[in-house]
Amino acid sequence: MSSTEGPAGAARALGPWHPQEFLAECVEIVPEVGGMMTFVFRRSDGAPLAFRPGQYVNVAFPVNGEDQDAVDRSYSLSSSPTKPWTFDITVKRDPTGLVSPWVHENVRPGTVLEMLGPVGAFHLPDVDRRARYLLLAAGAGITPIMSMVRTIHSLPGQADVVVLYHGAAAGSYAFHQELAYIASVDSRIKVFYSLGDRSGPEGWEWLTGRLTAAMLDEVAPDANGRQVYACGPEAYLNTAAELLEKVGVDDTSIHMEFFSGDRQTLLEYQVELAHAVDIAEGIAGEIADSAEDYYEGQPTAFELYEPGYDGGGTLKAAGLPLETVDPDASRPETSAGSSHGGAGAGSPEASSFDTVGTGSLTLAFLRTGVNVRIDPAEHILGVAQRAGVRIGANCKEGMCGSCKVVKLSGEVDMNHQGGIRAREIDAGKFLPCCSTARTDLVIDA
């Protein structure tokens, strides 16, 4: 590496507090069991990718062709940051999904993709004098856990690590050969497997059944003295949280990938987001969390929002008053084109819409044909969905980008976590799940 007048480019890149937009080239693909495949990338600019074990990158996939908008997905990094010149993402194929089949069939050595990252509050601490961990994984949730295991194994020092890995079938455990090797040569790391059902195949020597308090006691009787990192489907994480409390693990010691969560990780996101805003000038807005591509495998509650219908039309959910009101009643006296920046309900088209809800500001949804009142402190997505506006939604935390819509006029405050890029924001797009209204808005939805 040649010397420069200022800090070397690699030195700047090695700061994990600096999420960036960059291009990355696939250099290798590695088939895994359980319908998964690992894709090895390197940055096209030659810089290393510094990250913390457990963090993720957001990747733009041209699944609809190069001339169409890319589809963003977030994938945990499964490799160790101790080898930063290449990095891995591991993708589980969902035959019914939009992105993962395309990735398995089209990403090959030489494929170049746009990425944003690293980001994420779900990661091992930078320094831990008492490195005692319980790592819980189910299915594809092994990917960030694998990064943690590889990192600990590659570094010297004292550590005590227990891994409990749940799978649906005996042959579905990705990385099982490497995990077996690491456990055999590194006395600091112990690995346990469990099948999700109650019966194992002939010769199965590991655990069977879903996660229970007894199982936690069996693999880690001192769980209440460990930091716990858990990754997997939401139902698995909900169960894990309840059981960890039963065995005495304090809530402050539990770290999970909750996409719709209200746990400590979300508080960490806010701290990290504020820090990123201060130091990452010129990148795609305010960024903070971690995730892996669970969106395609989540329950239907995480799929496209579909309001219910009956003979009278849309069923409007309880919780938001939806009585029709005079569009001009109780509004600040502003005119279209004022400093509020939006035509809002005052535009010729939107002025004919019914207006529902209460609040000091108005959201005009042009495609739906409704004006929705909102208070400045409310997130736009929830209010819009309760009023019957159809907007796609998965994570609801600004990570996945699935709720992205175009804002035709008005101003919002958006605190996203990697689900939207700078050029999209410049084009007028925003994420209603993590945005609040500053003025009246006109929205193409």
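This is a dialogue on how to read some features of a predicted model.

Colleague: What should I know about the numbering and the model before I start?

Modeller: Residues are numbered from 1 along each chain as its sequence is written, and side-chain values use heavy atoms, with hydrogens and water left out. The model is predicted, so local features need pLDDT of at least 70 and side-chain atom pairs count only at pLDDT 80 or more, while totals for chains, interfaces and linings use all residues.

Colleague: How many helices and strands are there in the protein chain?

Modeller: Helices (H or I, at least four residues) and strands (E, at least two) are DSSP runs, numbered from the N terminus. The protein chain has 9 helices and 22 strands.

Colleague: What share of the residues is buried?

Modeller: Buried means under 20% relative accessible area, exposed over 50%, and partly exposed in between (1.4 Å probe, protein chains only). Of the 445 residues in the protein chain, 53% are buried.

Colleague: How do I read a sheet, and what is the strand order in the one that holds β4?

Modeller: Two strands pair if DSSP finds at least two bridges between them. The order is β4-β3-β6-β1-β2-β5, an open sheet of 6 strands with antiparallel pairing. At its edges are β4 (71-76) and β5 (87-92), each with a single partner strand, so one side of each has no neighbour in the sheet. Neighbouring strands are turned by 40° against each other on average, direction ignored; axes are lines fitted to C-alpha atoms, for helices over the stretch in contact, and angles run from 0 to 180 degrees between N-to-C directions. As an example of a pair, β2 (residues 36-43) joins β5 in the antiparallel sense over 6 bridges, and M36 stands opposite K92 in β5.

Colleague: Which strands form the sheet with mixed pairing?

Modeller: That open sheet has 6 strands in the order β15-β17-β16-β22-β18-β20. Its edge strands, β15 (354-356) and β20 (429-430), each pair on one side only. β18 (residues 405-409) pairs with β20 in the antiparallel sense over 2 bridges, with F430 as the bridge partner of V405.

Colleague: Which residues of β16 lie on each side of the strand?

Modeller: In a regular strand the side chains alternate between the two faces of the sheet. For β16, L361, L363 and F365 are on one side, T362 and A364 are on the other, and all are buried. With 5 of its 5 residues buried, β16 (residues 361-365) is largely enclosed by the rest of the structure.

Colleague: Which strands does β16 pair with?

Modeller: β16 runs antiparallel to β17 (residues 370-374), joined by 5 bridges, and T362 stands opposite R373. The two form a hairpin with 4 residues between them, and G369 in the turn has a positive phi of about 80°. β16 also pairs with β22 (residues 441-443), in the parallel sense over 3 bridges; there V442 is the bridge partner of A364.

Colleague: Where do helices α3 and α4 meet?

Modeller: Contact means heavy atoms within 4.5 Å. M146, V149, R150 and H153 in α3 meet E178, L179, I182 and V185 in α4. The axes of α3 (residues 142-154) and α4 (residues 176-185) come within 11 Å and cross at roughly 30°.

Colleague: How many disulfides does the structure hold?

Modeller: A disulfide is a pair of cysteine sulfur atoms within 2.5 Å. The structure holds 0 disulfides. For C433, the closest cysteine sulfur is in C403 at 3.7 Å, too far for a bond. C433 counts as buried at 8% relative accessibility, and C231 counts as buried at 0%.
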